[in-house]
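Here is a short report on one protein chain. Keep the sequence and the 3D view open as you read.

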Amino acid sequence: NDPMPLADPLETVRPDGGEVRRRRHENGWPPSELIAAIGRAHRIATGLVETISPILLQGIEDRDETIPYETLCLVAGGLGCDPVDILRPPREEEKKDAPGIVHACRPKELRAHHLACPVHQSWGRIRGLFRKRLKA
C-alpha cells in the first residue's frame, strides 16, 4: 500500500461554522475568548504567537467561510479538538462545482497531515494540560 498523501497546509477547506460555534458555546466563551484560546494553544504548541481575527471567526461561524487547512488547525487547537471534527460535510453542488476545494470528503488525507505534522502532534500532547489551565 502506498502511504496516504498529506494535505497541503495552505489547501483550502470549509469548516462547519455551526460546529465551531457550538463548541465555543459549550466552553461558555464569547468570540474573543476563543480567539485568545487559539493564540494560547498555538503559543504552547510552537512558541509562536498566532491567532485569527474576529472578522475571520465571524465568517467561519456565520458563513462557513473557506480557509486554509492551516487556519482550521489553529481553530481546532483553540477548541481542543481534531481539525477533521470541525469540517463541514460538502454539499453535492460543491463537489461538482469546486473540485479544487477540500471539504470533509477527504478527511483521511487531512487526518494524515494532522497526525504527521509535528506542530499538530504537539497540540494533541498539550490538549489535556491546556484544558486544565483554562478551567483553573
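## Gly 80

Gly 80 is buried, with a relative accessible area of 13%. Buried means under 20% relative accessible area, exposed means over 50%, and partly exposed lies in between (1.4 Å probe, protein chains only). Gly 80 sits in the loop between helix H4 (69-79) and helix H5 (92-97). Helices (H or I, at least four residues) and strands (E, at least two) are DSSP runs, numbered from the N terminus.

Now compare Gly 80 with Ile 38. They are 42 residues apart in sequence. In space, their C-alpha atoms are 9.1 Å apart.

## About the model

This is a predicted model, in which local features need pLDDT of at least 70, side-chain atom pairs count only at pLDDT 80 or more, and totals for chains, interfaces and linings use all residues. Residues are numbered from 1 along each chain as its sequence is written, and side-chain values use heavy atoms, with hydrogens and water left out.

## The whole chain

The protein chain has 7 helices and 2 strands. Along the sequence they follow the pattern β-α-α-α-β-α-α-α-α. Of its 136 residues, 43% count as buried.

What share of the contacts between residues at least 6 apart in sequence join residues at least 24 apart? The share is 69%. Contact here means heavy atoms within 4.5 Å.

## Helix H3 and its neighbours

Which residues of H3 are buried? They are Leu 56, Leu 57, Gly 59, Ile 60 and Glu 61. The buried residues of H3 pack against H1, H2, strand S2 (67-68) and H4. Just after H3, Asp 64 takes a positive phi of about 50°.

Helix H2 (residues 31-46) packs with H3 at an angle of about 110°, and their axes are 10 Å apart. Axes are lines fitted to C-alpha atoms, for helices over the stretch in contact, and angles run from 0 to 180 degrees between N-to-C directions. That makes H2 roughly perpendicular to H3. The cut-offs are: under 35 degrees is roughly parallel, over 145 roughly antiparallel, 65 to 115 roughly perpendicular, and the rest oblique. From H2, the contact uses Pro 31, Leu 34 and Ile 35. From H3, Pro 54, Leu 57 and Glu 61 take part. These residues divide into 5 nonpolar, no polar and 1 charged. Ala, Val, Leu, Ile, Met, Phe, Trp, Tyr, Cys and Pro count as nonpolar, Asp, Glu, Lys and Arg as charged, and the others, Gly among them, as polar.

## Glu 61

Glu 61 is found in helix H3 (residues 54-63). Is Glu 61 buried or exposed? Glu 61 is buried, because its relative accessible area is 6%.

The side chain of Glu 61 makes a polar contact with the side chain of Arg 21, at 3.4 Å. A polar contact is a pair of N or O atoms within 3.5 Å; within protein, one must be able to donate a hydrogen and the other to accept it, and residues adjacent in sequence count only if both atoms are side-chain atoms. Leave aside the neighbours within four places in sequence. Glu 61 then touches Gly 17, Gly 18, Val 20, Arg 21, Arg 24 and Leu 34.

The whole structure holds 9 salt bridges. A salt bridge is a side-chain nitrogen of Lys or Arg within 4 Å of a carboxyl oxygen of Asp or Glu. Glu 19, Arg 22, Arg 23 and Glu 26 are linked in a network of them.

Take the pairs in turn. Glu 19 bridges to Arg 22, with the closest N and O atoms 2.6 Å apart. Glu 19 also bridges to Arg 23, at 2.7 Å. Arg 22 and Glu 26 meet at 2.8 Å, N to O. Why are Glu 19 and Arg 22 separated by about one helical turn? They are 3 residues apart in helix H1 (residues 17-26). Glu 19 and Arg 23 are 4 residues apart in H1, again about one turn. An α-helix has 3.6 residues a turn, so residues three or four places apart point the same way.

Glu 19 counts as buried at 16%, and Arg 23 as buried at 18%. Arg 22 is partly exposed at 38%. Glu 26 is exposed at 61%.
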